[in-house]
Amino acid sequence: MKKTLLIDYHRCVGCRNCEMICSLVHEGVCSPSLARIRVARDERAGWNVPLGCSMCEKPMCVMVCPVGAAQRDEKTGMVLIDESRCIGCLQCIQACPFGHANFNPGQGVAFKCDLCGGDPQCVKFCWTGAITYETVDLELERRREDIARRTINEPA
Amino acid sequence: MKRLQVDFDKCTGCGLCQLVCAVKHDRQFNPVLARIKIFRYEAQGLNLPLICQQCAHPPCAAACLMNVITKDAVTGATVRDQENCIGCRLCQAACPFEGCTYDYDQDVVVNCDLCGGQPACVEICPTGALQYLEIDLVLERARTAEAVKWVSLPEPERSQHG
Amino acid sequence: MADIIIIGNGAAGNSAAATIRRLEPELSITMVSREQLPAYSACALPDYLSGWVKREQVFIKGWQDYRDMRVEILGGRSQVQIDTDRRMVRTEGETIPYGRLVLATGSRPFIPPVPGAQLRGNFSVKKIGDIDALIDHHSRQAVVVGSGNIGIELAQALHHRGSKVTLVEMQEQVLPRILDPEPAQRICKILNAGGIEVLTGERVVGIDGREQVEKAVTDQRAIPCDTVIWASGMKHNVEEAQVAGIAIGDLGGIKVDEHLQTSCPGVYACGDCIEPLDMLTGQATVSMLWPNAKRQGEVAALNCVGRPHPYEGVLNMVTEEVCGVPLASLGLTTKALPPDRVHYIEGETWERYWRIMMVQDRIMGMQSIGVTAGLGAVMAMIKNRLPLSEYKRILSDPGLTRQAAWLLPASQLLTPHHSLGERFFT
């Protein structure tokens with residue numbers, strides 16, 4: 001079953017460790033702007049939302065890529081950008097409804113989450129447990145359980 | 001790095017951008033010579049201005065028979081050495097974005113030069129459909145919009161896990 | 001000792017050199033060239049012949065550019081021997097050991113062995129010297145043999161220079177490699193209207209003349225002329241590689257794997273001299289086009305500096321101007337497609353004609369006359385393997401249409417359309 005990054009933003013404290021480790025692993029530098037996961041924050045409203053790739057079934061980035069650099073692997077369900085084919089036209093960045101795909105102006109290529117090939121480092125380094133890497137089944141199971149508990153606890 | 005951003009919802013298809021582009025670059029009010037092209041689909045009620053996306057690794061440059069298309073190292077714009085363009089139009093076929101315009105006057109192909117950093121089309125656009133924005137800002141906006149959607153959802157009562 | 005030796009100073013060789021320099025500023029690059037000239041664009045040669053561009057404009061590099069890029073160039077070396085065992089390249093004058101070798105030896109015109117083909121007045125065009133000689137020849141009546149891109153362009157250039165031109169094509173249509181018979185028929189009419197006589201289905205069997213060309217003899221007639229231009233095909237330059245024991249493919253080009261490596265480790269090949277795989281069919285093919293050569297040079301360079309990168313395959317993209325009418329051919333022609341599964345979307349208005357080849361739900365190629373908008377979008381759909389059903393889904397959803405706005409110019413072309421107005425091509 002497909003595993004995916006699950007984000008519980010209530011637990012995110014906005015430390016941005018995930019951004020640091022992500023850019024370090026992929027680009028060799030600690031630079032949030034080169035990270036594949038980004039934390040959106042509103043300091044006045046007080047929320048931090050880590051945004052990673054959803055690995056959509058029908059990804060917009062793949063749909064709009066004019067050169068076929070963004071592709072979805074039907075077997076693994078991974079959506080990846082082949083940086084050597086990317087022409088840096090930024091269509092994927094405009095199209096992603098989650099503001100996920102990112103752009104590296106130095107290399108002139110778009111990049112996105114690759115789940116570290118199945119071992120996401122952001123999950124390892126997220127000390128609050130806001131980011132987890134689990135199968136969708138498990139998460140659904142949990143939600144059903146939540147609903148069930150609440151139904152039982154509620155007075156009829 | 002800045003980028004010419006189009007908000008298709010705001011475009012009314014008035015064509016002012018085309019006129020100002022043509023008059024600025026070629027001194028004539030001729031939309032055919034404009035580097036920005038509006039594709040109008042009346043049945044769907046859509047006006048789509050298409051323009052050079054200033055790709056980082058432009059397919060037009062990859063196709064060019066004369067190697068006259070290069071990237072400006074400072075501004076990031078896709079620039080052409082028009083003197084040596086032979087007008088073969090291969091770049092037109094290679095560009096997915098209709099970013100290349102054939103200049104019938106000079107028999108060369110031209111593309112958006114961002115007016116050297118102050119695009120005239122952006123200045124004249126009456127609805128704000130054309131904007132000239134920092135890429136970082138564009139990304140930031142998209143992320144914030146998504147995050148706002150998340151935080152405005154009703155909070156589920158959840159039992160703790162993990 | 002050179003870290004990398006590139007044999008060839010054409011599109012592929014220079015693109016490889018530029019890519020290596022961009023990625024590895026420290027490596028030493030030596031380029032071996034047959035001609036004693038900086039790189040020039042062979043595609044602009046017909047424009048130089050017609051007088052549309054000046055001689056110096058054909059050059060895309062100057063000697064200073066090589067120095068700026070720190071590429072040592074050895075010009076005028078026609079004898080090149082490769083020793084793959086000891087990793088050495090021997091030329092007139094020097095023997096250089098190499099770390100990696102990139103072959104970009106290119107191609108040369110093929111002149112069929114017919115009597116009289118060595119007489120004065122016979123030309124073939126690949127080098128800039130050929131055009132210099134052709135300009136000095138002051139042709140008044142020319143026969144162009146072969147109606148490929150080069151043949152068509154040269155015929156127009158000569159016509160522009162004031163000579164009477166006859167185009168002779170062995171096959172039943174003009175531009176047989178890039179067009180289907182139907183659009184080729186229209187191109188034929190445009191050429192005729194432009195003053196160029198076209199004879200299809202005729203084979204030149206000999207050239208008559210005492211000291212110089214006087215008549216071109218085909219299997220049907222004799223055409224009086226003072227110039228014969230052979231544009232009947234190109235041949236891979238593989239001799240150096242063959243002698244060195246590098247495998248040659250069935251189509252006559254250097255055999256390469258998906259990383260553009262030859263049968264000999266450490267030796268890469270790119271450009272006209274190889275037989276690459278086609279992006280759409282996956283079969284080995286011959287594609288001697290400038291953009292493909294540039295891309296292959298880039299990929300060969302990436303692999304050669306140790307950044308493995310598979311080559312995605314060639315995708316043909318040809319544009320041509322035939323008597324002022326733009327012509328484009330993208331992807332495959334009908335000949336390369338399974339005949340029982342191919343179907344067409346065709347359209348015609350008073351000034352335009354287009355035909356899109358589909359197999360099942362995918363666009364495999366397009367040929368158009370007079371069309372300028374939407375080509376790029378169709379090209380992207382071919383490259384991206386976007387099925388037509390997906391395209392329709394995008395168009396039917398305004399939200400998706402806004403995201404992929406650049407796909408819309410193709411919608412006119414993908415709708416079969418025949419106007420009732422006056423027909424341009426009659």
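How many helices and strands are there in chain B? In this predicted model, chain B holds 5 helices and 8 strands. Along the sequence, these elements follow the order β-α-β-β-α-β-β-α-β-β-α-β-α.

The overall dimensions of chain B were examined next. The C-alpha atoms occupy a box of roughly 70 × 35 × 30 Å along the principal axes. The radius of gyration of chain B is 19 Å, whereas a compact globule of 162 residues would have one near 15 Å. Of the 162 residues in chain B, 54% are buried. Among contacts with a separation of 6 or more in chain B, 52% join residues 24 or more positions apart.

The surface and charge of chain B were also computed. Chain B exposes about 7500 Å². Carbon and sulfur atoms supply 53% of that area. The chain carries 15 positive and 19 negative side chains. The centres of these two sets lie 1 Å apart.

Cysteine pairing was searched over all chains. The search of the whole structure found 0 disulfides. For A:Cys56, the closest cysteine sulfur belongs to A:Cys53 and lies 6.0 Å away, which is too far for a bond. A disulfide requires two cysteine sulfur atoms within 2.5 Å. A:Cys122 is likewise in no disulfide, with the nearest cysteine sulfur, in A:Cys116, at 6.2 Å. A:Cys56 counts as partly exposed because its relative accessibility is 23%. A:Cys122 has a relative accessibility of 9%, so A:Cys122 counts as buried. The cut-off for buried is under 20%.

Terms used:
Residues are numbered from 1 along each chain as its sequence is written. Chains are lettered from A and ligands numbered from 1 in the order in which they are written. This is a predicted model: local features need pLDDT of at least 70, side-chain atom pairs count only at pLDDT 80 or more; totals for chains, interfaces and linings use all residues. Side-chain values use heavy atoms; hydrogens and water are left out. Buried means under 20% relative accessible area, exposed over 50%, partly exposed in between (1.4 Å probe, protein chains only). Helices (H or I, at least four residues) and strands (E, at least two) are DSSP runs, numbered from the N terminus. The radius of gyration is taken over C-alpha atoms; the globule rule is 2.2 Å times the number of residues to the power 0.38. Contact means heavy atoms within 4.5 Å. Accessible areas come from the Shrake-Rupley method with a 1.4 Å probe; for residues, only the protein chains shown count as cover. Lys and Arg count as positive and Asp and Glu as negative; His and the chain ends are not counted. The place of a charge is taken as NZ of Lys, CZ of Arg, CG of Asp or CD of Glu.
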